[in-house]
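Q: Could you take a close look at the nonpolar core in this one and walk me through what packs there?

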Amino acid sequence: MDHAVCSKIFPLDCGPCGAGDFRKPCRLPRGGRSAFLTLDSTEFVQGDEISVRYTGSSKKDWIAIYQKGQQPGAGGPQATVYEYTEKTGQPDDRMDFKDPDRGDVKALPPGAYDIYLMEGDGYNILAQSAFVI
């Protein structure tokens with residue numbers, strides 16, 4: 001993607017291509033499509049509800065929280081907490097983790113965590129962020 005196209009899709013800062021240099025090609029986020037994940041904060045107190053805004057989700061995409069250092073993937077550790085974006089809205093919406101069937105964020109112990117937006121009921125990471133409790 002060239003910068004002219006990127007700047008129309010991402011008008012604020014042309015995030016995927018970085019510097020906004022017309023001579024450099026843009027780099028799309030992982031997964032080849034534009035998807036973003038934003039937390040209300042990067043620091044939470046144990047027992048806080050964790051909310052995340054996301055863009056660019058589709059089909060069976062899902063958001064999962066893992067302990068820092070754990071890598072999502074088949075045969076790897078299970079997500080501590082997860083939810084499918086189709087439950088809250090697609091392609092863009094806000095998700096408040098509070099369904100105890102998917103894991104209880106209020107019970108997460110203090111520590112560092114990564115949160116991922118993953119593609120199609122699989123483990124291809126489209127976007128990610130980090131936070132601490």
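**Inside the core**

A: Quick orientation: the chain has two helices and seven strands (DSSP runs, H or I of at least four residues for helices and E of at least two for strands, numbered from the N terminus). From the N terminus, the order is α-β-β-β-β-α-β-β-β. Keep in mind that this is a predicted model, where local features need pLDDT of at least 70 and side-chain atom pairs count only at pLDDT 80 or more, while totals for chains, interfaces and linings use all residues. Residues are numbered from 1 along each chain as its sequence is written, and side-chain values use heavy atoms, with hydrogens and water left out.

Now the core itself. A nonpolar core here is a set of buried Ala, Val, Leu, Ile, Met, Phe, Trp, Tyr and Cys residues joined through side-chain atoms within 4.5 Å; buried means under 20% relative accessible area, with a 1.4 Å probe and protein chains only. The largest one holds 21 residues, and Ile63, Ile65, Phe97, Ile115 and Phe131 touch the most other members. Two or more residues each come from β1 (36–39), β2 (50–55), β3 (62–67), β5 (93–97), β6 (112–119) and β7 (124–132).

Zoom in on Ile115: leaving aside neighbours within four places in sequence, its contacts include Leu37, Leu39, Val52, Ile63, Ile65, Phe97, Ala127 and Phe131 (contact being heavy atoms within 4.5 Å). There's also a second, separate core of eight residues, with Trp62, Ala64, Ala79 and Met118 among them. As for the whole chain, buried residues make up 38% of its 133 residues.

How values were computed:
Buried means under 20% relative accessible area, exposed over 50%, partly exposed in between (1.4 Å probe, protein chains only).
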